[in-house]
Amino acid sequence: LFFELAPFADRITIDPKGVNFANALPREPAPYIAWAASSGANLQSWHGLRDTITQRQPATPHAGADIAPRINAPFIFVPLQVPGDSQLRLNGGRFKTVKQFVDTILDVAHNCPNGWQIRIKEHPSAEPFVKAAINASGASNVVLDNITDTFEQVKQAELIVTVNSSVGLEAMFFDKPVVACGDCFWAIEDIAASAKTPQALADVLADPDAVTFNAQARQAFLSYLDQCYYPKLSVPEHAVITARIADPDQTGLWGAHGRKHTV
């Protein structure tokens, strides 16, 4: 079994295959929908998990960082990861570094519809470089905001675009359409979109309103994560963790990765 802290407070990952993209969860929506229909689960309980989501606090604030000016127009939020993040190096696909991702965003930003803005936020642990990159690129519709709370920006954004940051998963809890440009377990058809090449990313930016999700599939997926996949670390859930160690596939979903399901 593989153990890792979950992306949510007071939760843990316990998986028989791996963590993050290497985990054993299904990569299609049907098993989650079938589980939701047969389990009798409360499909609204994940709203409570949403209330625990907060941004990661920097060890030291970004020096000289400004809040980007707000405009009365829609925007795409791009939260960046830590340079050197293993998720980028191992699962970033065409975007294995933060710089590659930022350079591509700046190259294709002109594809956005008139009046749309791209707002980038650097990871709180990263050395800032994006402001200089934006200035050098001349991309007038791209701004940097390292100060405004990450999830305030998520709430206000029309679309979230990331390589494979956990902010993409967390943004789903706020009912936002999400695009993953790398490999991640939650980039499942009808739950989140994928754009794994610069051209695919350019196409997304050209028509951001076209990125949608199936509410039933996403609700089932988030409910499964909340009620089954990420047990609580607090005392009342110790029995659940013990049961997970004894029987890691209690719901019958975990062996699904890599094969098709029938419902």
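In which helix do Glu152 and Lys155 both lie, and how many residues apart are they? In this predicted model, the two residues belong to helix 6 (residues 150-156) and are three residues apart, about one turn of the helix. Glu152 forms a salt bridge with Lys155, and their closest N and O atoms are 3.4 Å apart.

Both partners have intermediate accessibility values. Glu152 is partly exposed at 35% relative accessibility, and Lys155 is likewise partly exposed, with a relative accessible area of 43%.

**Salt bridge within helix 4**

The search of the whole structure finds five salt bridges. Another of these joins Lys99 to Asp103, with 2.7 Å between the closest N and O atoms. The two residues are separated by about one helical turn, because they are four residues apart in helix 4 (residues 98-108). Asp103 is partly exposed, its relative accessible area being 29%.

Side chains of opposite charge can pair when their charged atoms come close.

**Salt bridge between two loops**

A further salt bridge links Lys196 with Asp183, where the closest N and O atoms are 2.6 Å apart. Lys196 is in the loop between strand 8 (193-194) and helix 8 (198-206), whereas Asp183 is in the loop between strand 7 (178-180) and strand 8, so the pair ties together parts that are 13 residues apart in sequence. Lys196 has a relative accessible area of 41% and is partly exposed.

**Positive phi angles in two loops**

Asp10 has a phi near 65 degrees, a positive value in a residue other than glycine. Its location is the loop between strand 1 (2-5) and strand 2 (12-15). With a relative accessible area of 36%, Asp10 is partly exposed.

Asn20 also shows a positive phi, about 55 degrees, although this residue is not a glycine. Asn20 is placed in the loop between strand 2 and helix 1 (30-39). Its relative accessible area is 28%, and Asn20 is therefore partly exposed, as the partly exposed class lies between under 20% for buried and over 50% for exposed.

**Asp247 and Pro16**

Asp247 is found in the segment after helix 10 (238-246), and at 38% relative accessibility this residue counts as partly exposed. Along the chain, Asp247 and Pro16 are 231 residues apart, while their C-alpha atoms are separated by 9.8 Å.

Methods: Residues numbered from 1 in each chain as written. Predicted model: local features only at pLDDT ≥ 70, side-chain atom pairs only at ≥ 80, totals over all residues. Heavy atoms only, no water. Salt bridge = Lys/Arg side-chain N within 4 Å of Asp/Glu carboxyl O. Buried < 20%, exposed > 50% of the residue type's maximum accessible area, 1.4 Å probe, protein only.
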